[in-house]
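Thank you all for coming.

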Amino acid sequence: MEPVTTRLSRALVVLVLGLLASITGRAEVPDDRPNILLILADDLSWSDLACYGHPWHETPHLDKLAGEGMRLTSAYAPAPICSPSRAAILTGRTPARLGMEFVVKVQAGEQPLDPLPILRPPPFTTDLALEEVSFAERLRERGYDTAYFGKWHLNAHYNDVYLGWSPTHGPLAQGFAVAEEDFGNHPYAGPLTPVDDEARGWVPDGLTERAIAYLERGHRTPFLLMVSHFYVHTPVESRYPWLAAKYGGKIPPETPNRAERITYAEFVEAMDHHIGELLLALEANGQAESTLVVFLADNGGHPVYTDNRPLRGSKWNLYEGGIRVPMLVRWPGRIASGSVSDMPVSGTDLYPTFLALAGDTAQATFPPIDGENILPEWLGEGQPQERTFYWHFPYYHPENAAFGRAADNTGHAVGKVSRTRPHSAIRHGRHKLIWFHETDETQLFDLLADPTESLDLALAHPELRERLKTALMRYLDEAEARMAEPRSLQAASSSPIP
């Protein structure tokens, strides 16, 4: 039997640790909850990875991740464009609820368009409101170490730096205890210098190196590490001559925008390489077995550089090519290797899923969130269910005079930027309805029978069309979604958002 003094000493230690945890919000004791590594790609198409069937892109590290875990085939971004999608992923709330539906700008104002369209979109939202609660804040309350590296794009571009972090609205203000700004080796960092063709080395990526250094620090409690890549967003520039030669030999001569496709393929492989460096560091530090890795993209691909087919549309619109994205998850011993899930899920689902992993059984009821805990699906314990998803894009694209020069808005133009007009969408079960604000027209698709959205069923199924449209309108009203309005109903000059 232990001496009384020893038992008392241990009791005292436990008491002190408990008091420290209550004061600091951290549990400085062994913890069997998993670490979470969230890797976010920028503008990566659903079909861009080899494991999703791309005919010439080489992505060995992400393919390996898919083979060691689960590949999801019906994962959705919350928006067809960067800022609102990222805000929704962090908060579990759709862009309609957040009032952030377009990319953030330097300041609030009107969308510049030529010629002026029928409707006037809402003024730009410049910052993710501090009242919004991110999953980083919730996990930090549960004792997780939290860190962020890479692209933020949720505050007005700070200090005349495009994508510059704000000290008041950057990651440090949204629950991340560690956050270091770095553009990596993406062209945003400055002019690229081509690597010597004989050396065939990779240029170090600063944000990846910072993330690896964070892993190497050692952690007494579980960590949440978010690595947000600038790849494969424009500007897409060539740096590796041997990759250009390789893809120049692989990409068929008749491919639309072939020169852009060659450079883009370099970009995709460079992104894969840097993700591979991070995953190897996770293994080298003995953290792979205890870490849930989640990889996804923030929206669909840029049509000039990649081909979203067989999906219709691209970045900036709500056809499948603009919002269906790759998602890979790995948790050794818990998620079956080589598994595939066809269940529709959304980036907003990460919020309640991460909370469940952290042991937050209360979840969040106010403000309301739109995501659902999809951990049972990842673990192979989920039951088939019909879910409902909503998207809201009350803007026009492209901006300025380019709007008048863009291709039509059918989403069928290959290799060209389409002219996107205000529209919203709902998916319930296998059916998806898109509503166009200007004309009050709708399109209805059966995504299981027609994933390419080629056959509009709106006229053939009027009852289903009206039922889905009613549900969409009810949601937008309940979420207090901002709408594009007729110009005659608005003042002639815009005013900043209060």
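Predicted model: local features only at pLDDT ≥ 70, side-chain atom pairs only at ≥ 80, totals over all residues.

Let me begin with helix α13, which runs over residues 462-478. At 1.5 Å a residue, its 17 residues should span 24 Å, and because the C-alpha atoms at its ends are 24 Å apart, the expectation and the model agree.

Which residues of α13 are buried? They are L464, R465, L468, K469, A471, L472, Y475 and L476, and, seen down the helix axis, the buried residues fall within an arc of 160°, so they line one face of the helix. As a general point, an α-helix has 3.6 residues a turn, so residues three or four places apart point the same way. On the other side of α13 we find E463, R467, R474 and D477, which are exposed.

What covers the buried residues of α13? The cover includes α4 (95-98) together with the strands β11 (388-393), β12 (423-428), β13 (431-436) and β14 (441-446). Just after the helix, E480 takes a positive phi of about 55°.

The largest cavity has a volume of about 60 Å³, and its lining is made up of N185, L192, Y231, E237, S238, R239, Y240, E266, F267 and A270. By class, that lining has 5 nonpolar, 2 polar and 3 charged residues.

The second largest cavity holds about 50 Å³ of space, and the residues that line it are N317, Y319, N409, S418, R419, T420, R421, H423 and F436. This lining divides into 2 nonpolar, 5 polar and 2 charged residues.

Finally, the pockets. The largest pocket contains about 360 Å³ of space and is lined by 20 residues, of which S74, D342, P344, R427 and L448 lie nearest its centre. Sorted by class, the lining of the largest pocket has 8 nonpolar, 5 polar and 7 charged residues.

In the second largest pocket there is about 250 Å³ of space, and of the 17 residues that line this second pocket, the closest to its centre are I81, V103, Y162, W316 and H397. The lining of the second largest pocket has 7 nonpolar, 6 polar and 4 charged residues.

Definitions and conventions: Residues numbered from 1 in each chain as written. Heavy atoms only, no water. Helix = DSSP H or I, 4+ residues; strand = E, 2+ residues; numbered from the N terminus. Expected span 1.5 Å × (residues − 1). Buried < 20%, exposed > 50% of the residue type's maximum accessible area, 1.4 Å probe, protein only. Arc of directions from axis to C-beta. Contact = heavy atoms within 4.5 Å. 1 Å grid on protein atoms, 1.4 Å probe; cavity = no way out; pocket = protein on both sides within 12 Å on 5 of 7 lines; lining within 4 Å. Points joined across faces, edges and corners; volume = space filled by probe spheres on them. Nonpolar A, V, L, I, M, F, W, Y, C, P; charged D, E, K, R; others polar.
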